[in-house]
Amino acid sequence: MIVRNVFRSLYLSSISNSRSMASVIKLNVNDTAIFTDTKAAVLKAVSSLQAGNVIAVPTDTIYGVAALAQDISAVKKLYAVKGRNGHNPIAICVSNVQDLFRWSHVTVTQDLLNDLLPGAVTLVFRRKPELNPEFNPFTDLIGIRIPNYPFVQQIAAAAGSPVALTSANISAAKSTLCVEEFENLWPHLDLVFDGGIIGDSEEARLGSTVINLSVPGQFTIIRPGSVYQKTVDILKNKYGLKEFR
């Protein structure tokens, strides 16, 4: 733990010395617009990601920090910002259901995918070789999200590449529902997109429900998350999958 924290401090110092605090961009939320041009905001986000930066975005569950998964140096920055163990996998965010077939070996029907996505779930399948082999290199599985949050979907679509996405907090700390809750990360981010307060209860901090679907005909709940019961009902009752514990 001490070695990891020292590495994090040194790495963050090296990526922060030449830049100032992140720019905070307020998004149009519930028609209380401060930054009304969503298209321009998406372009700013994609430009920053393609430059190898880490940005913060709101999602349908909690705030997240993001980098391009195909850019290994950007992913290293993402791990450093989080203070996260390099053997703890990060999920990717894509823009539509068809993208799951591009990056993973899907074992379920498209109807099932359409029932769950977009939504507050992370679906885990075996990864395809097209995904950066240096991204989560210790596992042949990949978690994939399509948040029910159009701004994030638009970023993933415009980037044309999977977006590595994880919670906007120091690893093992409480997840965040507004940008002020992760101000300690701002000096190490390029842009922070402020979508306001996402939830109003501690239950809102549970994040996505993570389900391993890599084995045909069955599922395993990796993390219950915020839509556990709804997800299990769909998998068991509608599609007849067996839960493997």
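This is a predicted model: local features need pLDDT of at least 70, side-chain atom pairs count only at pLDDT 80 or more; totals for chains, interfaces and linings use all residues.
Me: Which residues line the largest cavity?
Reply: I55, V57, A66, C93, V152, I155, A156 and V163 line the largest cavity.
Me: And what is the volume of the largest cavity?
Reply: About 40 Å³.
Me: How many cavities of 30 Å³ or more does the count come to?
Reply: The count comes to one cavity of 30 Å³ or more.
Me: Which elements each supply at least two residues of that lining?
Reply: Two elements to look for here: β2, spanning 55-58, and α6, spanning 150-159.
Me: Where does the largest share of the lining come from?
Reply: From α6, which gives three residues to the lining of the largest cavity.
Me: OK, zooming out. How many helices and strands are in the chain?
Reply: The chain has seven helices and twelve strands.
Me: What percentage of the residues count as buried?
Reply: The chain has 245 residues, and 50% of them count as buried.
Me: What about contacts between residues at least 6 apart in sequence? What share join residues at least 24 apart?
Reply: Among those contacts in the chain, 65% join residues at least 24 apart.
Me: Last topic, the surface. What does the accessible surface of the chain come to?
Reply: About 11,500 Å². Carbon and sulfur atoms account for 53% of that accessible surface.

Notes. Residues are numbered from 1 along each chain as its sequence is written. Side-chain values use heavy atoms; hydrogens and water are left out. On a 1 Å grid over the protein atoms alone, a cavity is a set of points where a 1.4 Å probe fits but cannot get out, and a pocket is an open set with protein on both sides within 12 Å along at least five of seven lines; lining residues have an atom within 4 Å of a point. Grid points are joined across faces, edges and corners, and a volume is the space filled by probe spheres set on the points. Helices (H or I, at least four residues) and strands (E, at least two) are DSSP runs, numbered from the N terminus. Buried means under 20% relative accessible area, exposed over 50%, partly exposed in between (1.4 Å probe, protein chains only). Contact means heavy atoms within 4.5 Å. Accessible areas come from the Shrake-Rupley method with a 1.4 Å probe; for residues, only the protein chains shown count as cover.
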